[in-house]
Amino acid sequence: MSERDTEANRRRFLQYLAASPLLAAGGSAALAQTVLPKAKLSDPLMWAPLDAGKLIKSPKEAINVFDLEPVCRHNVPPAHFGYMASGIDDEVTLRRNREDFLKFYLRPRRLVDVSKVDMSVDILGTKYSSPIVCAPVGGQRSFHDDAESGVARAAKKGDHLQILSTMTSDPVEDVVKARGAPIWMQLYATNKWEVAAAITKRAENAGCTALAVTVDRSGGRNQETLFRMRPDDTRDCNGCHDRSSFANSLKTRAMWKDLDLTGLRNTQSSNMTWDFFKRMRDHTKMKLIAKGILSYEDAVLAADNGLDAIIVSNHGARSEDAGRSTIDALPEIVEAVKGRIPILVDSGFRRGSDVVKALCIGATAVCVGRPYIWGLGAFGQAGVERALEMLREETHAMIQQMGAQNVKQLVPGMVRRA
């Protein structure tokens, strides 16, 4: 075999490694060094530390958010880490959420005074210092005792919007207090109106200003990475997880306390239609957002039905494995909505360049989940602060490089499909 053939085969193998489902959450370098410990890599492995086996000792040592992921994996019990890292089925969507950013390239402008950059954004009438939003992630005490309140304090430091999961470990009242400002509540509505109504009213009374209703949990999900990692967890899970009934399984989830869950077997909303939002509009004064939109048709319907905003989301590839990334879906949705309502987007965002691409396409803000959870699992609140800080710094630098003085100057003409 010629040297050229050897090099080509090595490159193809590394590309395979980078696309592996088990590596989409950020562990490609570790496996590459396990499989090819002596190999001289001709191309840098994407989206991972150069040596995932060398764990950083403090948040300050992190160079990018991926440096936090192996520390999180080391610290967090396997079942909990697997729950967070898992996609669905073959995890095609999990990979696409990262790979599809390569479909787009940016078109920077030069000779613009960018010595001062304003990163602030207005989201439904509230100004935030950053377009980066803390997406809802359930059960954050599974990753660190600082939990959602620690994330709220980190979000406060950087003035980020925080969206709290219905599956929160900490009560919404405590999280609002820790954030020191209103937050949004994400809702798993279930198939029982009374449950959705009670959670919504509690969130509103606590000071939440918007309700992000998850619309992409209409069926079951096959989380194989979780199932494969769970047997490696040597703890007695029954000590914390009572799976004898649906109600008992939610005892550690603060928002479900004292709710009548009779007749429910899960949190899925398989009976939800647009009429749900009409009913909810009469029930709450909070802004209403549909989270989980992936087609332009549904985006238009959301605007037609009077929703205040949408979140383009595939649930971080944790709901289904349709294979479509959110950055791929975003352009057609922005074009169809025509500015009628704000559009937020999540799933797969790890870099400032990712954020800027979405903002150029037309997103109002970008939500991140796993990156700050890696920070939480690695170092608690301090790790979250560092994750958000790095994302802000990268985004700020990229906005400067684009020749923009503020987020509003990031326009569609600055991005193209490759």
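**Contacts, helices and loops**

Colleague: What percentage of the contacts in the protein with a separation of 6 or more comes from residues 24 or more positions apart?
Modeller: Contact means that heavy atoms lie within 4.5 Å. Of the contacts in the protein with a separation of 6 or more, the percentage that residues 24 or more positions apart account for is 72%.

Colleague: Which atoms do the side-chain values use?
Modeller: This is a predicted model, in which local features need pLDDT of at least 70 and side-chain atom pairs count only at pLDDT 80 or more, while totals for chains, interfaces and linings use all residues.

Colleague: How many helices and strands does the protein have?
Modeller: Helices (H or I, at least four residues) and strands (E, at least two) are DSSP runs, numbered from the N terminus. On that basis, the secondary structure of the protein comes to 16 helices and twelve strands.

Colleague: Of the 418 residues of the protein, what percentage counts as buried?
Modeller: Buried means under 20% relative accessible area, exposed means over 50%, and partly exposed lies in between, with a 1.4 Å probe and protein chains only. Applied to the 418 residues of the protein, this gives a buried share of 55%.

Colleague: How many disulfides does the count come to?
Modeller: A disulfide is a covalent bond between the sulfur atoms of two cysteines, and here the rule is a pair of cysteine sulfur atoms within 2.5 Å. By this rule, the number of disulfides is zero.

Colleague: At about what angle do helix H3 and helix H15 pack?
Modeller: Two packed helices are described by the angle between their axes and the distance between the axes. Axes are lines fitted to C-alpha atoms, for helices over the stretch in contact, and angles run from 0 to 180 degrees between N-to-C directions. Under 35 degrees counts as roughly parallel, over 145 as roughly antiparallel, 65 to 115 as roughly perpendicular and the rest as oblique, and H3 and H15 are therefore oblique to each other. Helix H3 (residues 68-75) and helix H15 (residues 370-379) have axes 7 Å apart and pack at an angle of about 50 degrees.

Colleague: How many of the ten residues of H15 are buried?
Modeller: The buried residues of H15 include Arg-370, Tyr-372, Trp-374 and Leu-376. H15 is largely enclosed by the rest of the structure, because the number of its ten residues that are buried is ten.

Colleague: Is the crossing of H12 and H13 left-handed or right-handed?
Modeller: The axes of helix H12 (residues 296-304) and helix H13 (residues 326-337) come within 8 Å and cross at roughly 35 degrees. Tyr-296, Ala-299 and Val-300 in H12 meet Glu-332, Ile-333, Ala-336 and Val-337 in H13. A crossing is left-handed if the near helix is turned anticlockwise from the far one by less than a right angle, and right-handed if clockwise. The crossing of H12 and H13 is right-handed.

Colleague: Which residues does Asp-233 touch, not counting residues up to four places away in sequence?
Modeller: Asp-233 is found in the loop between helix H9 (224-229) and helix H10 (246-249), and Asp-233 counts as buried, at 9% relative accessibility. Not counting residues up to four places away in sequence, Asp-233 touches Pro-77, Pro-78, Ala-79 and His-80.

Colleague: How far apart are the C-alpha atoms of His-160 and Lys-127?
Modeller: His-160 has its place in the loop between helix H6 (147-158) and strand E5 (163-164), where His-160 counts as buried at 0% relative accessibility. Along the chain, His-160 and Lys-127 are 33 residues apart, and the separation of their C-alpha atoms is 9.7 Å.

Colleague: Is Asp-258 buried or exposed?
Modeller: Most residues other than glycine have a negative phi. Asp-258 is not a glycine and has a positive phi of about 70 degrees, and Asp-258 lies in the loop between H10 and H11. With a relative accessible area of 73%, Asp-258 is exposed.

Technical notes:
Residues numbered from 1 in each chain as written. Heavy atoms only, no water.
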